[in-house]
Each structure stands twice: as structure tokens, then as C-alpha cells.
Amino acid sequence: MDRTDIPVTHISENELKKISFLKTPKDSVAVCYLAEEEKWEDKNIQLVLDGLQDPGNLGTIIRLADWFGIEQIICSEDTVDVYNPKVIQATMGSFTRVNVVYTDLVEYLSKTDNVNIGTDMEGENIYTFEKPEKINLILGNEGNGMRPETEKLLQKSISIPRFGKSQSTESLNVSMAAGIILGQLFSK
């Protein structure tokens, strides 16, 4: 669809406040059709999300995927809904360019031809890691990490080494870790 074909309806600031989920909405709102459920197949690099609950994290990860040209994210069935308003807002429009699929992860990960890679404090250093050609980068729940049944299906583990001396920071936010890992994977 050509951008000039998109209908525009002017509304008042008060009307905008009524239909927006934001306290102080921007100057426009888009109405979109939800995509039909499509058949999907593995891409060379995919993100796989195991039980992410924070809408801001999912939205940021979708935005990261779009930035790095990753076309598909595969989510466990209990991952936060991609159409949650906070997810959509955090994607800054990237949700229109990244296919997000919900499925049974154990079933999917046991059949995929991609190499299942997860994060682990004892994993291989991301800065010396040799990137396989076909990757599923698996990211776990914010508080609990990956489920044991997902972790059993990993073929490789990677870690982001800590350079700081402080031991008070025990982990990174999942979307922050995703950004560091993707930046390093795409630098090779």
C-alpha cells in the first residue's frame, strides 16, 4: 500500500486523549489490521523468547530485531502478548516489520535445524564465540531465566563477560543483553 493511500482523519486533542493509552499522547494514532496467522519457517538468525513477561522488554527486543534485520521472533505461549499496548509503544513501529510467532518451544526447539544457543554465566565468551550459520538465540524470563526443559535443548551456551569489579550487579536486563549479543554476532 502506497503511503498516499492511507486515509487520515483529523481529531481533537481531547478525542486523541480518550483513545490513547498514554497520559500525554503524541500527535497521531494508527489503526492497523492484525496479520492473519501464517505458516512460518526458520530464518538464519532468530530470537526465541522463553516466558518474557515485561512488555517493555518484548517491545525493545522487537525493535532490536528490526534494527539488525532479524525478521522473526519465536515466543513461548506464555510470553507477553505482542499486541499489548505497552509492547507496541516500545517497538516504535518495528512490530510491523518483524514476524512474532507463539508456539510450544520444547516441540519447536527439538525439531529445528538452527543451532539453539542460550546465555549462561559459564557459557563461551561472546567476544570469541564462532557464530554458526543458522542460529536460534534463546532468551529466558526476566526473573527465572530459561525453563529447564528449554535449557536441555541448548547446543551451545554463551556469556557476556563482566569487566567491572563490582559484584553488586549480578545480571543484565534481558533486552540489554540481547543488544550486546546481537551487536557482537553481527560484527563478525
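Predicted model: local features only at pLDDT ≥ 70, side-chain atom pairs only at ≥ 80, totals over all residues.

**Fold.** I counted secondary structure and got six helices and six strands in the chain. Reading along the sequence, I wrote the pattern down as α-β-α-β-α-β-α-β-β-α-β-α. Burial next: 37% of the 188 residues count as buried.

**Salt bridges.** How many salt bridges does the count come to? I get five, and I looked at some of them in detail.

I began with aspartate 50 and arginine 147, whose side chains meet at 2.6 Å, N to O. This pair links distant parts of the chain, with the partners 97 residues apart. I placed aspartate 50 in strand β1 (residues 45-50) and arginine 147 in the loop between β5 and α5 (148-151). Is aspartate 50 buried or exposed? Its relative accessible area is 1%, and the cut-off for buried is under 20%, so aspartate 50 is buried. Arginine 147 comes out at 27% relative accessibility, so I put it down as partly exposed.

Then I went to arginine 97 and aspartate 66, another side-chain pair, at 2.8 Å, N to O. Arginine 97 sits in the loop between α3 (85-91) and β3 (99-103), and aspartate 66 in helix α2 (residues 55-68), so this bridge ties together parts that are 31 residues apart in sequence. For aspartate 66 I noted a relative accessible area of 22%, hence partly exposed.

I have lysine 111 as exposed, with 61% relative accessible area, and glutamate 107 as partly exposed at 45%. Looking for shared partners, I found that salt bridges join Asp50, Asp78 and Arg147 into one network.

**Surface patch.** Which residues form the nonpolar patch on the surface? I found Ile11, Ile19 and Val29, with about 260 Å² of accessible area together. Isoleucine 19 belongs to helix α1 (residues 13-19) and is exposed, at 52% relative accessible area. Valine 29 is in the loop between α1 and β1. With a relative accessible area of 46%, valine 29 is partly exposed.

**Pocket.** Last stop was the second largest pocket, with a volume of about 770 Å³. Its lining has 25 residues, and I listed the ones nearest the centre as Thr119, Met121, Glu170, Ser171 and Leu172. Which elements each supply at least two lining residues? I wrote down β4 (115-125), β5 (135-140), β6 (156-159) and α6 (174-185). Sorting the lining by type, I got 10 nonpolar, 10 polar and five charged residues.

Terms used. Residues numbered from 1 in each chain as written. Heavy atoms only, no water. 1 Å grid on protein atoms, 1.4 Å probe; cavity = no way out; pocket = protein on both sides within 12 Å on 5 of 7 lines; lining within 4 Å. Points joined across faces, edges and corners; volume = space filled by probe spheres on them. Helix = DSSP H or I, 4+ residues; strand = E, 2+ residues; numbered from the N terminus. Nonpolar A, V, L, I, M, F, W, Y, C, P; charged D, E, K, R; others polar. Patch = residues over 30% accessible without salt bridge, like charges linked within 9 Å, V, L, I, M, F, W, Y side chains within 5 Å. Areas by Shrake-Rupley, 256 points an atom, 1.4 Å probe, with all protein chains shown as cover. Salt bridge = Lys/Arg side-chain N within 4 Å of Asp/Glu carboxyl O. Buried < 20%, exposed > 50% of the residue type's maximum accessible area, 1.4 Å probe, protein only.
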